[in-house]
Amino acid sequence: SSSSSSSSSSSLSEGKSENEFNLWHVVGLHRDFLSNDNALEETAAIQALVDTYQQNTERVAGFFCNLDYHDDFLKRPGCDRESQLRRLKCTSQAAGETNQTIAIRTSPGAAGLLLSSEPSSSSSSSEQQQQQPPRSVAGTRYAQVLLDLQTQLAVTVDAFPSLNIHLSCWSGRADHMTSICNTFPDAPIYIGLDGSVSFSKATHLHECAFDCPMDRLVLETSTVIPASVANAVGRHAFFHSATVPFLAEAVAHCKKSVSAPQVARTASQNTLTLYPQLLAANNAAASSKTSNNDEVDSCHKQDVDTVPSNR
């Protein structure tokens, strides 16, 4: 564990002390951490995260933990449910101790959940299907991961009420998203939507985009390319931050009452609130640019003043 921590910390520390390219990281625990229930290992894991952050404050913007309850993932070494929960517990504790944002991603999502009853014929409209009540998710991996998430959120929010929490690449249902927000109304919990919301068949994410409060919304590049970009560029498309405006367009289409620029601006501001290091870096860059411009203007003025007048 200690060697894994030191190697990750040193790799982040390579190069200049300043974040030259304004590239930020979130750090978490590898599956080799906490594969056994051991209090000493938990303490060491928390300290490893804290040390990695403190040694890389110019590069690390927060912490990350993944809860993946897909059957095939749970069978991997160190990825059983209990081990994943121990890592979430320790990562949350490290985030709280350093007051740095924690991003949590859960899977499986709701995409595979069927409606309570199948449509009577293939000609049934999508509106009729959407009016049908969703089936109970009790006993599914989806329900289990959300229940475990909510249990840990209750502990974390109670211990660290002002800790920023980022539910990254949200893939659940809108009613469950709303339930989490209502359960912790005063906690700074933000919902991240990625390019999946642009897919025509992702109706559960369309509902999430519609229901998600604007002051809790963030847009994510993730590894999912918005449909409009993929359709235009084809196999040459790849995920990067320049696709965010197209994601904003997809969310605005779902919300109906706001424009894409409004969605983009609000989500951008939420992101800077969620990850304040980015705001500090932007302010520093703007200040440096202003200072450089002032120096250029001053030099130009001096040059003008020293030019002899032609009388």
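Analyst: Happy to! Let's begin with Asp148, which counts as buried because its relative accessibility is 11%, under the 20% cut-off. Please keep in mind that this is a predicted model.

The partner of Asp148 is Arg81, and their side chains meet in a salt bridge with an N to O distance of 2.7 Å. This pair links distant parts of the chain, since Asp148 sits in helix α6 and Arg81 in helix α4, 67 residues apart. Arg81 counts as partly exposed, with 29% relative accessibility, whereas Asp148 is buried.

Helix α6 covers residues 141-159, and its axis lies 11 Å from that of α4, at an angle of about 30°. The two helices are therefore roughly parallel to each other, as an angle under 35 degrees counts as such. The crossing of α4 and α6 is right-handed. On the α4 side, the contact is made by Arg81, Leu85, Leu88, Lys89 and Ser92, which meet Gln144, Asp148, Gln152 and Thr156 in α6. By class, the residues of this contact are two nonpolar, four polar and three charged.

Helix α4 (residues 81-98) also packs against helix α2 (residues 39-54), and here the axes come within 9 Å and cross at roughly 45°. That angle makes α2 oblique to α4. The crossing is right-handed here too. From α2, Glu42, Ile46, Leu49, Val50 and Tyr53 take part, and the residues they meet in α4 include Arg86, Cys90, Ala94 and Glu97. Six nonpolar, three polar and four charged residues make up the contact of α2 with α4. Lys89 is listed in the contact with α2 and also in the one with α6.

Arg141 pairs with Asp71, their closest N and O atoms being 2.9 Å apart. Asp71 belongs to helix α3 (residues 71-74) and Arg141 to α6, so the bridge ties together parts that are 70 residues apart in sequence. Both partners are partly exposed: Asp71 has a relative accessible area of 43%, and Arg141 has 36%.

For context, the structure holds four salt bridges. One of them joins Asp175 and Arg173, at 2.8 Å from N to O. In that pair Arg173 counts as buried, at 14% relative accessibility, while Asp175 is partly exposed, at 39%.

Terms used
Residues are numbered from 1 along each chain as its sequence is written. This is a predicted model: local features need pLDDT of at least 70, side-chain atom pairs count only at pLDDT 80 or more; totals for chains, interfaces and linings use all residues. Side-chain values use heavy atoms; hydrogens and water are left out. Axes are lines fitted to C-alpha atoms, for helices over the stretch in contact, and angles run from 0 to 180 degrees between N-to-C directions. Helices (H or I, at least four residues) and strands (E, at least two) are DSSP runs, numbered from the N terminus. Angles under 35 degrees count as roughly parallel, over 145 as roughly antiparallel, 65 to 115 as roughly perpendicular and the rest as oblique. A crossing is left-handed if the near helix is turned anticlockwise from the far one by less than a right angle, and right-handed if clockwise. Contact means heavy atoms within 4.5 Å. Ala, Val, Leu, Ile, Met, Phe, Trp, Tyr, Cys and Pro count as nonpolar, Asp, Glu, Lys and Arg as charged, and the others, Gly among them, as polar. Buried means under 20% relative accessible area, exposed over 50%, partly exposed in between (1.4 Å probe, protein chains only).
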